[in-house]
Amino acid sequence: MPAEYVLCAPTRLEAAAVRRGLATSAPVLRTGMGRRHAERAAHLLAHTGRPPAGVVVAGVAGALDPALAPGDVVVATEVRAGERTVACPSAPLLAARLARLGLTVRTGPVVSRERLVSGAARTALRDTGALAADLESGWLAAGLPTSTATACVRVVADPATGPLWRPATLAHLRTAVRTLATVAPAMADWGAATGARTVLLPYPRSFCAGVERAIDIVERVLAHRGAPVYVRKQIVHNSHVVARLEGLGAVFVDELDEVPSGATVVFSAHGVSPAVRKEAAHRGLAVVDATCPLVAKVHSEARRFADRGDTVLFIGHDGHEETEGTVGERPGSTVLVEDLAGAARVRVPDTNRVSYLVQTTLGVDEVAEIVDVLHERFPALQGPASDDICYATTNRQQALRSVARKADLVLVVGSRNSSNANRLVELARRLGTPAHLVDDPGGIDLAWLTDAATVAVTAGASTPASLVDATVDALRGLGPVDVREHVVTTEEIEFTLPKEVRNP
């Protein structure tokens with residue numbers, strides 16, 4: 001069957017539902033019910049003409065997890081049949097697409113049996129971690145070539161609780177079939193995104209030394225002092241990091257008035273103003289400072305420039321914790337400049353006594369343009385002795401620059417509030433390549449991948465490397481992937497931990 005992808009459904013009813021849900025024509029193969037028909041369909045797909053790039057096995061299923069209700073959708077992370085298991089690593093992409101339709105979606109293993117199961121047999125399968133059971137998916141997937149991307153979508157028709165056959169069974173089946181029609185377009189989108197592609201991995205990417213230090217500080221405080229440990233603001237701007245530390249007992253707060261008197265509080269990597277430090281001392285809080293040393297350097301420069309009589313122009317983003325902390329060092333002498341328009345209109349009392357500083361996570365090109373405007377307006381303008389933009393921010397931008405024009409698409413893995421991750425997206429777009437910020441593989445829109453034969457994947461300095469690996473794995477689930485690493489420089493910088501958490 002020489003199609004780019006094929007949507008498979010066992011019965012006439014299920015195949016008709018899939019076809020009904022498709023806005024455009026797509027190849028739908030009715031395989032027949034059960035192991036024998038599924039294996040025959042796999043043989044047909046694998047040996048007749050050119051094997052398809054992707055195959056989705058879809059249909060109804062019986063729930064193994066009692067939390068699943070009729071109409072809920074299970075996207076398989078793997079399908080099992082007998083002793084065979086076929087991984088479906090693109091499950092997060094397809095599940096996210098379905099969730100955006102407003103459906104209740106779960107990801108996990110689907111197991112195929114040779115006959116319907118109920119009662120104790122279902123309980124035994126549930127204990128293996130499987131979410132749902134069917135009669136075809138595993139048998140079909142196991143017979144496909146390893147180069148064929150495989151996905152499995154099953155809609156719950158029969159809940160795990162109660163007998164297999166009951167008066168409500170027919171109504172449950174109708175619900176599942178209606179939902180199957182609803183999920184069909186998403187399966188077609190998945191199919192259109194399948195195929196071989198190249199993945200470019202610029203390096204450096206992911207965690208920098210300052211982020212690693214900040215996370216290490218929280219972990220050490222938790223280990224030494226026990227939970228709860230309070231952290232003012234997010235320790236670093238990544239939702240996955242924050243969630244993991246919350247699981248260990250960290251409590252993230254916006255302001256110190258949320259911290260009980262006398263408790264331990266960690267200041268985030270972005271730094272705080274003197275006013276915050278004063279409040280912590282007044283309330284008797286035990287402070288452990290995780291401010292990145294490079295941010296602390298900018299704070300020191302702000303004090304030095306202002307104390308010598310300069311107006312300090314701070315190039316940064318309003319509302320960012322680093323901006324608030326730095327401006328708070330000398331608020332009466334510091335003026336925030338956010339962009340070129342701000343640089344063109346800012347006023348200072350003495351044009352001969354003016355200096356500038358920069359938020360460490362900004363884009364190199366963006367800052368250079370702003371500084372050029374400031375220099376033109378204030379010829380006596382002075383800056384820091386060394387670049388304020390963090391080495392890690394600069395390195396990640398230079399690494400992305402080396403591959404962005406070679407890619408059809410750039411995926412930057414990072415959270416929405418990560419300044420340096422957002423700057424990577426902006427850089428790629430300035431270089432003419434479509435780019436998107438995703439918190440994890442579930443943030444990827446399948447439509448972005450349809451015509452993207454070469455994808456660059458990078459990450460901001462606050463993003464764990466494991467999320468980049470997970471993103472590449474998800475892309476690998478759409479077809480063969482040729483991963484190419486592009487190393488621009490190596491990073492060997494380490495920062496000393498504060499005395500409160502050093503090992504004796």
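Modeller: UniProt, in an unreviewed entry, puts a "binding site" at His237, His270, His320, Thr360, Ser418, Ser419, Asn420 and Ser462; such positions follow the numbering used here, feature names are shortened, and annotations may be inferred rather than shown by experiment. The lining of the largest cavity includes His237, His270, His320, Thr360, Ser418, Ser419, Asn420 and Ser462. A cavity here is a set of points on a 1 Å grid over the protein atoms alone where a 1.4 Å probe fits but cannot get out, and lining residues have an atom within 4 Å of a point. Bear in mind this is a predicted model: local features need pLDDT of at least 70, side-chain atom pairs count only at pLDDT 80 or more, and totals for chains, interfaces and linings use all residues. Residues are numbered from 1 along each chain as its sequence is written, and side-chain values use heavy atoms, with hydrogens and water left out.

Take Thr360, in the loop between strand E16 (354–358) and helix H13 (364–377); helices (H or I, at least four residues) and strands (E, at least two) are DSSP runs numbered from the N terminus. Thr360 has a relative accessible area of 4%, so it is buried (under 20%, 1.4 Å probe, protein chains only). Beyond its neighbours within four places in sequence, Thr360 has contacts that include Leu294, Glu322 and Asp388, a contact being heavy atoms within 4.5 Å.

Ser418 lies in the loop between strand E17 (409–413) and helix H15 (419–430). Ser418 is buried too, because its relative accessibility is 1%. Leaving out residues up to four places away in sequence, Ser418 touches His237 and Ser462, both of them on the UniProt list.

Key: On a 1 Å grid over the protein atoms alone, a cavity is a set of points where a 1.4 Å probe fits but cannot get out, and a pocket is an open set with protein on both sides within 12 Å along at least five of seven lines; lining residues have an atom within 4 Å of a point. Buried means under 20% relative accessible area, exposed over 50%, partly exposed in between (1.4 Å probe, protein chains only).
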